[in-house]
Amino acid sequence: MELTTIWFIAVAVLFTGYFVLEGFDFGVGILMPVLGREERERRAMINTIGPVWDGNEVWLITAGGAMFAAFPHWYASLFSGFYLLFFLILLALIVRGVAFEYRGKGDTDRWRRGWDRCLTAGSALAAFLWGMVVANLVRGVPLDANFDYTGSFWSLLNGYALLGGLTMLLLFATHGAYFLHLRTTGALSDRARALGLKLGVATAVPALAFLLWTQIAHGNAASLVLIVVAVLALLAGLALDFKGRSGWAFAATALTIGLASAALFCALWPDVLPSTSDAANSLTHENAAATQKTLGIMTWAAIVFLPIVLLYQGWTYWVFRKRVAVERIPVA
């Protein structure tokens with residue numbers, strides 16, 4: 001297998017891991033005003049993701065770094081063409097991160113609720129915009145002969161991208177509800193289960209429409225298989241949540257996100273950024289790649305350091321695996 005193929009798969013895996021892991025803590029943030037009826041419940045919700053949310057961001061940083069080093073032309077065209085979308089995502093992530101740190105610095109309920117709204121807004125905006133980014137990546141954008149983006153910001157606000165944003169927003173919210181059902185106890189867990197069922201049903205329609213659109217317009221045999229299994233996993237998550245199997249329901253939505261993301265990257269291959277103005281201007285895994293020497297050095301570095309990172313993150317999740325009980329949260 002060529003190194004360009006290996007690194008395309010690596011970038012796809014890193015973004016998929018980011019969406020699966022960051023998806024549930026985005027979901028928790030989105031559901032804060034819905035499920036957190038009083039301060040102790042809201043603190044319990046935050047405590048479920050507090051030890052891991054910043055570690056989940058490492059997947060995004062690594063994915064961006066891998067793209068920059070392995071496919072510099074892809075990185076340059078994508079980040080310049082999608083500049084405003086990425087700026088808004090960065091702004092949402094900053095607001096979200098500050099909300100985690102600052103909500104506990106004040107003593108008033110008004111202070112905490114204000115930061116809770118920032119957490120919800122940042123989580124929802126980031127989830128929606130990531131859906132738009134991925135959808136536009138698969139759909140393609142106008143590129144010239146120098147692989148420079150020639151469209152405008154409004155070109156990115158097309159129907160396919162907006163549907164992708166809505167799908168990711170709802171899917172992450174469902175993922176977060178299943179996670180809260182798994183990681184909390186009592187009334188909060190029960191409400192998360194009930195809301196997860198409703199969100200799962202609401203997610204199924206746009207998700208099916210988006211994946212079907214993807215397959216018809218851009219898909220291939222591999223993406224078709226992945227899409228079918230992803231839809232089945234989403235439906236299985238609904239059934240498992242209905243039966244109270246919180247762990248398996250959460251695993252099902254994680255599988256849904258992972259398979260759907262993999263399907264989108266399969267639909268993208270062998271391009272990394274298709275050109276809608278002229279197919280000859282499309283960036284592929286070959287013409288966007290760095291030199292073979294660079295890819296070789298990166299491959300050996302990944303072989304050495306990737307297992308260490310995965311073991312450390314797995315250990316973090318193991319240490320903080322216990323459920324968070326609302327009654328054990330001290331009264332503010």
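Q: What makes a residue count as buried, and how many of the 332 residues of the protein chain do?
A: Buried means under 20% relative accessible area, with exposed over 50% and partly exposed in between (1.4 Å probe, protein chains only). By that rule, 52% of the 332 residues are buried. This is a predicted model: local features need pLDDT of at least 70, side-chain atom pairs count only at pLDDT 80 or more, and totals for chains, interfaces and linings use all residues. Residues are numbered from 1 along each chain as its sequence is written, and side-chain values use heavy atoms, with hydrogens and water left out.

Q: Why is A289 called buried?
A: Its relative accessible area is 16%, and the cut-off is under 20%, so A289 counts as buried. You'll find A289 in the loop between strand 2 (283–284) and helix 12 (292–319). Helices (H or I, at least four residues) and strands (E, at least two) are DSSP runs, numbered from the N terminus.

Q: How do you know which residues A70 touches?
A: Contact means heavy atoms within 4.5 Å. Leaving out residues up to four places away in sequence, A70 touches W7, A288, A289, A290, L295 and M298. Take L295: along the chain, A70 and L295 are 225 residues apart, yet their C-alpha atoms are separated by 6.1 Å. A289 has its own list, again without residues up to four places away: T4, A70, F71 and P72.

Q: What makes a set of residues a nonpolar core?
A: The members must be buried Ala, Val, Leu, Ile, Met, Phe, Trp, Tyr or Cys, joined through side-chain atoms within 4.5 Å. The largest one here has 100 residues, and F15, F19, F71, W74 and W130 have the most contacts inside it. Helix 1 (residues 3–30) gives the most to this core, with 14 residues. In soluble globular proteins, nonpolar side chains tend to be buried together.

Q: How do you know that the radius of gyration agrees with a compact globule?
A: The radius is taken over C-alpha atoms, and the globule rule is 2.2 Å times the number of residues to the power 0.38. For 332 residues a compact globule would come out near 20 Å, and the protein chain has 20 Å, so the two agree.
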